[in-house]
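Come along and follow each stop in the viewer.

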Amino acid sequence: MEREYSAGGVVLRRRQELWWVAVIEPQGRRKAPATVLALPKGNVDKGETPEETAVREVREETGVEAAVVAKLSDIKYVYVRSWGDRRRVFKVVSFFLLRYRGGRIGQITPAMRREVRQAMWLPLDEAPQKLSYRGERDVGKLAQEYVKAHPEL
């Protein structure tokens with residue numbers, strides 16, 4: 001079975017006395033009845049660390065700059081490619097907690113618009129319910145726990 005390694009970020013920003021997380025709505029590959037909300041993530045490029053990948057993917061997919069605070073978790077799953085060879089793939093995605101540093105959410109390149117329909121801020125308290133994928137909902141809960149345990153953040 002082929003393997004893929006990706007990394008992504010849970011970008012937090014404090015506004016109006018709430019923590020917010022940057023999420024994306026990917027461009028749909030199939031007709032889905034509901035909006036898909038996900039965390040920004042992507043493949044680790046050769047010569048790149050997972051942390052560097054997380055920061056890069058966040059910038060490319062959301063338009064914001066962020067700095068790594070801590071590693072949250074690895075999620076692992078098997079999927080079947082819906083394009084090309086239809087092979088089964090074992091995937092590991094490392095998620096990192098990042099702190100917002102600047103930029104404007106949704107300011108992404110036209111080329112990235114092929115992958116991302118929109119980027120937005122979502123209250124962190126809503127992430128475990130509104131993120132579409134179970135593993136990412138679990139990562140959202142870990143981010144909530146991290147914030148509670150580290151009020152200095």
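This is a predicted model: local features need pLDDT of at least 70, side-chain atom pairs count only at pLDDT 80 or more; totals for chains, interfaces and linings use all residues.

Entry 1: I began with Gln144, which is buried because its relative accessible area is 17%, under the 20% cut-off. Gln144 sits in helix H3, which covers residues 134–149. I then asked which residues Gln144 is in contact with, leaving aside its neighbours within four places in sequence. I found Leu124, Asp125 and Pro128.

**Entry 2: helix H1.** Next I checked the length of helix H1, residues 50–62. With 13 residues at 1.5 Å a residue, H1 should span 18 Å, and its end C-alpha atoms are 18 Å apart, so the two agree. Which residues of H1 are buried? I listed Thr53, Ala54, Val55, Arg56, Glu57, Val58, Glu61 and Thr62. Then I looked at what the buried residues of H1 pack against, and wrote down strands E1 (2–15), E2 (18–26), E3 (41–43), E4 (64–80), E5 (88–103) and E6 (116–123). After H1 comes Gly63, and its phi is positive, near 90°.

**Entry 3: a strand residue.** I moved on to Ile75, which lies in strand E4. Is Ile75 buried or exposed? Its relative accessibility is 15%, so Ile75 counts as buried, the cut-off being under 20%. Setting aside residues up to four places away in sequence, Ile75 touches Lys91, Val92, Val93, Phe95, Gly135, Glu136 and Val139. I also noted that the C-alpha atoms of Ile75 and Ser94 are separated by 6.5 Å, although the two residues are 19 residues apart along the chain.

**Entry 4: aromatic pairs.** How many aromatic pairs are there? I counted two aromatic pairs, taking ring centres within 6.5 Å as the rule. Tyr77 and Tyr79 form a tilted pair, 6.4 Å centre to centre with 50° between the planes. Tyr77 is partly exposed, at a relative accessible area of 32%, while Tyr79 is buried at 17%. I turned to Tyr100 and Trp121, whose ring centres are 5.6 Å apart and whose planes are at 80°, so this pair is edge-to-face. This pair links distant parts of the chain, since Tyr100 belongs to strand E5 and Trp121 to strand E6, 21 residues apart. Both Tyr100 and Trp121 are buried.

Key
Residues are numbered from 1 along each chain as its sequence is written. Side-chain values use heavy atoms; hydrogens and water are left out. Helices (H or I, at least four residues) and strands (E, at least two) are DSSP runs, numbered from the N terminus. Buried means under 20% relative accessible area, exposed over 50%, partly exposed in between (1.4 Å probe, protein chains only). Contact means heavy atoms within 4.5 Å. The expected span of a helix is 1.5 Å times one less than its number of residues. Rings of Phe, Tyr and Trp (its six-membered ring) pair if their centres lie within 6.5 Å; planes under 30 degrees apart count as stacked, over 60 as edge-to-face and the rest as tilted.
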